[in-house]
Amino acid sequence: MEVPRLDHALSSPSSPCEEIKNLSLEAIQLCDRDGNKSQDSGIAEMEELPVPHNIKISNITCDSFKISWEMDPKSKDRITHYFIDLNKKENKNSNKFKHKDVPTKLVAKAVPLPMTVRGHWFLSPRTEYTVAVQTASKQVDGDYVVSEWSEIIEFCTADYSKVHLTQLLEKADVIAGRMLKFSVFYRNQHKEYFDYVREHHGNAMQPSVKDNSGSHGSPISGKLEGIFFSCSTEFNTGKPPQDSPYGRYRFEIAAEKLFNPNTNLYFGDFYCMYTAYHYVILVIAPVGSPGDEFCKQRLPQLNSKDNKFLTCTEEDGVLVYHHAQDVILEVIYTDPVALSLGTVAEITGHQLMSLSTANAKKDPSCKTCNISVGR
């Protein structure tokens, strides 16, 4: 059965109330889960209305979910509306309207259950929420009779889907710029990192879980295991820059040893950190590897020979590589990489910590790299 869309109760924290499609806004100030209400709330004393119980949350996405519940059939025919109290888990004890914040009290006309709750203004991906429900009956004078609040249920929204990542990909395509030729991938770290690799990991760099930098809904954050590499070059020299935010020692490896016809290329993220320049995260995974299977289920796959960010083409029997000029590429390789496949040397430039992206937060207000779902 098709269910109506349930959006936020106010168009913005400071704008006047207005009716939004398929949403009733007749009650703006609602009582909290303890039944407290202001004198002008327009809600009457509680009568015998059924209290929702056995609440079920299903079909969870990054910006929507379905909710259903059971209730005593007594007075069920008098129910005209549902009141839904939705809060981020860390704020679950704060249930009153916050006029300076996006409201979390939702009002919907009574419809067949399950009911879809959808709206990027108040739902963010990969975020824990609490939800409670009241049934309500609108009276002739405009007041409401309400039930007691249901029990409080906790749930967590999902990551971006492939559809959402494809929207990010399309935005990144717009600003990628022309392609520059390159020949090596490189990874900067402190000397202690490479010493540890030699002593404890058999001279091979090991994949580690990606941090939480970038888009909050990216399915690779905190889940995908890999090794970060860069491939950007200086425009005037065609070589890697001598400065780095990650350490003064650099591992360089020929591009074809990581990126070739036996690997797949995936788009992972597009973001900025309150700056003018933008980052694109790509994933290179050997065909059939665990990393490849992880990405195949979650990320848009790119044509290695024809995309706006990183290409591998053959010219006269030789593999030729290009990277986008106008974005900063962060490339994750999903398998271990032996130091013997490349070289480690100290760079001559500076360590620019201001450019580090470790656990960096994405700018949620940037129109270039955000999509119209929860931030």
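This report describes the strands, helices and aromatic contacts of a predicted model.

## Basis of the description

The model is predicted: local features need pLDDT of at least 70, side-chain atom pairs count only at pLDDT 80 or more, and totals for chains, interfaces and linings use all residues. Residues are numbered from 1 along each chain as its sequence is written, and side-chain values use heavy atoms, with hydrogens and water left out.

Strands here are DSSP runs of E with at least two residues, and helices are runs of H or I with at least four, numbered from the N terminus.

Two strands pair if DSSP finds at least two bridges between them. β6 is joined to the antiparallel strand β3 (residues 81-88) by 8 bridges, and K88 stands opposite Y129 in β6. Over 4 bridges, β6 also pairs in the antiparallel sense with strand β8 (residues 153-156), where T130 faces E154. Strand β7 (residues 144-146) runs antiparallel to β6 and is joined to it by 3 bridges, with K138 opposite Y144. The hairpin of β6 and β7 has 5 residues between the strands, and G142 takes a positive phi near 95° in this hairpin.

β13 pairs with strand β20 (residues 328-333) in the antiparallel sense over 3 bridges, and V331 in β20 is the bridge partner of F229.

## Helix α3

In helix α3 (residues 290-298), G291, D292, F294 and C295 are buried. These residues lie on the same side of α3 because they cover an arc of only 160° around the axis, taken from the directions from the helix axis to the C-beta atoms. On the other side, P290 and Q297 are exposed. The buried residues of α3 pack against β15 (263-271) and β16 (279-286), contact meaning heavy atoms within 4.5 Å.

## Aromatic rings and charges

Rings of Phe, Tyr and Trp (its six-membered ring) pair if their centres lie within 6.5 Å; planes under 30 degrees apart count as stacked, over 60 as edge-to-face and the rest as tilted. This rule gives 12 aromatic pairs. The F182 and F185 rings have centres 5.4 Å apart and planes at 75°, so this pair is edge-to-face. Both F182 and F185 are buried. The rings of F229 and F251 form a tilted pair, because their centres are 6.4 Å apart and their planes are at 55°. This pair links distant parts of the chain, with F229 in strand β13 (residues 225-229) and F251 in strand β14 (residues 249-254), 22 residues apart. F229 and F251 are both buried. Ring pairs also link F182, F185, F259 and Y321 into a cluster.

A charge sits over a ring if NZ of Lys or CZ of Arg is within 6 Å of the ring centre and within 35 degrees of the ring normal. The charged end of R250 sits over the ring of Y186, 4.6 Å from its centre. In the case of F294, the charged end of R298 sits over the ring, 4.0 Å from its centre.

Conventions: Buried means under 20% relative accessible area, exposed over 50%, partly exposed in between (1.4 Å probe, protein chains only).
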